[in-house]
Number of protein chains: 2
Amino acid sequence: MKASRFFIGTLKEAPADAEIVSHKLMMRAGMIRRVAGGIYDYMPIGLRSVRKVEAIVREEMNRAGALELLMPAVQPAELWQESGRWEQYGPELLRFKDRHERDFVMGPTHEEVVTDIARREIKSYRQLPVNFYQIQTKFRDEIRPRFGVMRGREFIMKDAYSFDKDFDGLAESYRKMYEAYVRIFTRIGLEFRAVAADNGSIGGSGSHEFHVIADTGEDDIAYCPSSEFAANVEAADALPLIAQRAAPAEELKKTPTPGAAKCEAVAQLLNIPLEKTIKSIVLATENEGAEPTIWLLMLRGDHSLNDIKTGKLPGLKGYRFATEAEIIEWFGTPPGYLGPLNTKKPVRVIADRTVANMSDFVVGTNEVDYHTTGVNWGRDLPEPEVADIRNVVAGDPSPDGRGTLEICRGIEVGHVFQLGTKYSDSMGATFLDENGKPAPMQMGCYGIGVTRVLGAAIEQNFDDRGIIWPEAIAPFEVVICPMGYDRSDAVREQADKLYATLQQAGIDVILDDRGERPGVMFADWELIGVPHRIVIGDRGLKEGKLEYQGRRDAEATLLPVDEAADVVVGKVRAALGK
Amino acid sequence: MKASRFFIGTLKEAPADAEIVSHKLMMRAGMIRRVAGGIYDYMPIGLRSVRKVEAIVREEMNRAGALELLMPAVQPAELWQESGRWEQYGPELLRFKDRHERDFVMGPTHEEVVTDIARREIKSYRQLPVNFYQIQTKFRDEIRPRFGVMRGREFIMKDAYSFDKDFDGLAESYRKMYEAYVRIFTRIGLEFRAVAADNGSIGGSGSHEFHVIADTGEDDIAYCPSSEFAANVEAADALPLIAQRAAPAEELKKTPTPGAAKCEAVAQLLNIPLEKTIKSIVLATENEGAEPTIWLLMLRGDHSLNDIKTGKLPGLKGYRFATEAEIIEWFGTPPGYLGPLNTKKPVRVIADRTVANMSDFVVGTNEVDYHTTGVNWGRDLPEPEVADIRNVVAGDPSPDGRGTLEICRGIEVGHVFQLGTKYSDSMGATFLDENGKPAPMQMGCYGIGVTRVLGAAIEQNFDDRGIIWPEAIAPFEVVICPMGYDRSDAVREQADKLYATLQQAGIDVILDDRGERPGVMFADWELIGVPHRIVIGDRGLKEGKLEYQGRRDAEATLLPVDEAADVVVGKVRAALGK
């Protein structure tokens, strides 16, 4: 491509509504343009990257045996009524009526449509397994679209849906997709983690999120650098930090701690490690026609409550925090100095796994300005119910026993999910099994946010000059910047020759023949983020040299004219793993 | 692709709502499935053909210098209000509100969005010309969607929009698109015609429709087999069929024609050729505050009125047919025996070009049951106003003077259109010209109905066994049908070997390893329309032979096993023009 025949629309300033770096840079590089809130044009330079992501996704989905089809954007309400989501889905589901006053939705996802296909087309176990996927434009009416393509309303997704005759089949289909996703994000050139996600609220039985690692990510991820373990902080198992409980060494002692209601203040006041203190959290669950059950959850002073794990404990589904009145009624004191000793009315005590192995610890006394030190299970308190109720923190042991956890931030770009029979049950997608008996199909769903990948790639790869594209999804792999294309025959001839050579080698190259000044030219291509740049000027040519600079290189390297093409082709191929 | 890993869903019967052959065959071949009225799933086998059309379109658009981008499906109402089409467009424009009660439309076309891009991005004549295109899903809320993908509601279109600094530039952009379209439809392998369309109602200044020729087409096309001329029947110039008016030879004579109100009856009764009779058509145009003008249009008895040409004549814009009361008032008689002689009140007479050169013709006498024969211009009637007011018919001279017209039916699959400044004026898309003065951009728009092309291709290419795909858009180019893939080692080995050889040669081949009976296998692939079939069986292999049959061949040909691959590769490449 020659730049004079292309459309480049870089901007000096990002618009005011662009809050995050990928949004700013995609606007400034002219990749996207806003049409309405969360709705964008993909300009030619942006679409090139979109298409490269799509091509990689398509290749790997095909390699994994998935079959591409195309379902409609506009879906009849009847299907959503059958699945129950017509009622369940909130206002993010864009609903409208056609000219005949029939209800439709703009599809934010296609479980209903694909299940409708499966129940119509699949009659026998002999037709299973099958995995249908599409790369398609979706719409989700976000209440506050923002962050450019990261949280848009109209976006491109790859969504795949597997159908199996039994759970083993589903597990195998799921594994294939998991492996395809690993190949996809590896090929795209992103640092990522497959994260075991909490899936309690969606009703499936297995799920991983694929996160691109970036400081600006929305999600906290716990991962083990020395193993494959990664999970959302909310979902990661927190192991006991104390292997075995030590024998009591201190006497129980009521200690004045005036004004020290928080663990940190108590530790400072008593000059003890925070790890000796206990955080008491009081929850309530309703009992119809009777007073609520009051729960005391005990965490080590430096830990925090995990509400998802807590909500899954027997009896704690739908819990709430206790009111001040309840706390006074059960503990005889307002919040601040609460503890398990001498409660006014009985409470159910749950100790975090770590707390359960502690000894000689400090709790509130249920009396303002007093704590009790030297507390021990079994001696001063009955043995507690034990559960994992805390968030993991950096330094925790990895649940797989193969190292220590780190915490990082990630941007979710993919999701694989075992749906089981949720949709095949509600929509009647059954097949005849080997015995001629109807059985519901086991489904999985697998999404990749194609346009979101671009944003995530930028959040992971940028500097103060602009985007730094991984080769595989760069709008162009190489840019040739001739100094004086219109003035110097030598420069023009060399630039054209190199351009032709690189094109023949299958390199996606752009020749900047716009006649811009070098400063403008360099700034444009650094902003756009083309990974390899070659500068051709009369001065260098006199010595038979060109200038090469990788987008991450601090400075340029001189290359002999005759070797330049080989060097650059080698660099691009190496980066693409070819 | 091996069929056992693919998804084939052929049907014995088409659904009852499928009225035309392409709809029936696409359903039966399992290419599409209905989701709602005019809304379809493209199943894997159907999507393969869609993608092949898209790839050809994309290649030729790129070759023509157009730049691919992607505009959103969901568009804000504000843009349509600016262009005026928010009011003008009927209920085919699907309108809806988002969760914030803002108005949006599902784009049936993208003039507004692309003009919005142009006015934002293009500041100077130096950025022109530019041509943006996309391949994108559109929605048109047809009142009665039907005919499968031929008149669906959700469909895929390629739409391109050119921007030029002046009309010469537009003409050049238009020419490039015209030539690209010729290449596209030629490569797809369809018999087509570029048809000069009537464009009066849309307001542009130049337009061609690309029609696939098929007996089932909706449009009548006049074309000249010995030249490039083609036009909608409504738009084709009708030349005088009589070169020069002969001198009068008969006397004017009032002749009884009892009960013969129509030209055909008059000709039969008087035993004269229909070509001697005149059809009188009475029109009216309103005059504010005064009585209407009454027009008498004279056509040869065997011709028909062209209302588009008529409506363009001076004074006849917005004409209507005269009422019976008006006819009685102006002609002194009810409809049936009308003519230009002895009208009761003055009427404006317009003679068709052919009628103007007739002599000794027959007209009504304005008296029930009487005609007048031997009528001549100049002698019995003043010389008339002359105009082209008729539809051409087969046998007419081609307006380009290079042969005789034929009439055929066509299916519109593409449209190129010179918009001029319609949108750049209403939406303020101006640029600074060479003199620093703002000027409106000259626009063209260019559409191809990607999914419609599939329907049209089938309407042109089918038989009673199914679809006959042109190689370029067939879901597979070649099918290998082994007889006993699971039973015979020899058959399986030969089939696998041929499959591998064809794949290596770049042939899009499917191996039917499903284990179906030969009858089912052959019926499926004939229905699906794969253009080349190879049958491998033990009997043939014993003699070192395979069976080859082209989809249009009456019977199979035996090929030596070792030559089969070369022969088939040769046939596919020849068909693709490679």
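**Entry 1: a helix and its neighbours**

I started at helix α14 of chain A, whose buried residues pack against α1 (21-28), α2 (44-63), β26 (466-467), β27 (478-482), β28 (509-511) and β29 (532-536) of chain A. The helix covers residues 518-528, and its buried residues are Met521(A), Phe522(A), Asp524(A), Trp525(A), Glu526(A), Leu527(A) and Ile528(A). Gly529(A) follows α14(A) and has a positive phi, near 90°.

For my own reference, buried means under 20% relative accessible area, exposed over 50% and partly exposed in between, with a 1.4 Å probe and protein chains only. Contact means heavy atoms within 4.5 Å. Helices (H or I, at least four residues) and strands (E, at least two) are DSSP runs, numbered from the N terminus.

I must keep in mind that this is a predicted model, in which local features need pLDDT of at least 70 and side-chain atom pairs count only at pLDDT 80 or more, while totals for chains, interfaces and linings use all residues. Residues are numbered from 1 along each chain as its sequence is written, chains are lettered from A and ligands numbered from 1 in the order in which they are written, and side-chain values use heavy atoms, with hydrogens and water left out.

Next I looked at helix α1 of chain B, residues 21-28, where Ser22(B), His23(B), Leu25(B), Met26(B) and Met27(B) are buried. They pack against several elements of chain B, including β1 (32-36), α12 (450-460) and α14 (518-528). Gly30(B) follows α1(B), with a positive phi near 75°.

**Entry 2: chain A as a whole**

I noted 16 helices and 31 strands in chain A. The C-alpha trace of chain A spans about 95 × 65 × 45 Å along its principal axes. Chain A has 578 residues, and 56% of them count as buried.

By an automatic or database domain assignment, chain A is divided into domain 1 (46-206 + 411-459), domain 2 (253-387) and domain 3 (476-575). The centres of domains 1 and 3 of chain A, taken over C-alpha atoms, are 42 Å apart.

**Entry 3: the core**

Which residues have the most contacts inside the largest nonpolar core? They are Phe132(A), Phe163(A), Trp525(A), Phe132(B), Phe163(B), Phe185(B) and Trp525(B), and the core has 223 residues. Such a core is a set of buried Ala, Val, Leu, Ile, Met, Phe, Trp, Tyr and Cys residues joined through side-chain atoms within 4.5 Å.

I picked out Phe185(B): leaving aside its neighbours within four places in sequence, its contacts include Leu190(B), Phe210(B) and Ile448(B).

I also checked Ile188(A), which sits in helix α6 (residues 167-188) of chain A. Ile188(A) is buried, at 1% relative accessible area.

**Entry 4: where the chains meet**

At the interface, 54 residues of chain A are in contact with 54 residues of chain B. The area buried there is about 4,400 Å², with carbon and sulfur atoms giving 63%; buried area is the accessible area (1.4 Å probe) that two parts lose on being put together, summed over both.

I counted 8 salt bridges between the chains A and B, each a side-chain nitrogen of Lys or Arg within 4 Å of a carboxyl oxygen of Asp or Glu. One of them joins Glu121(A) and Arg33(B), at 2.5 Å from N to O.

**Entry 5: a bridge inside chain A**

Is Arg390(A) buried or exposed? Arg390(A) counts as buried, at 0% relative accessibility. The side chain of Arg390(A) meets that of Asp352(A) in a salt bridge (3.5 Å, N to O). Arg390(A) lies in the loop between β20 and β21 of chain A and Asp352(A) in strand β17 (residues 348-352), so the pair ties together parts 38 residues apart in sequence.
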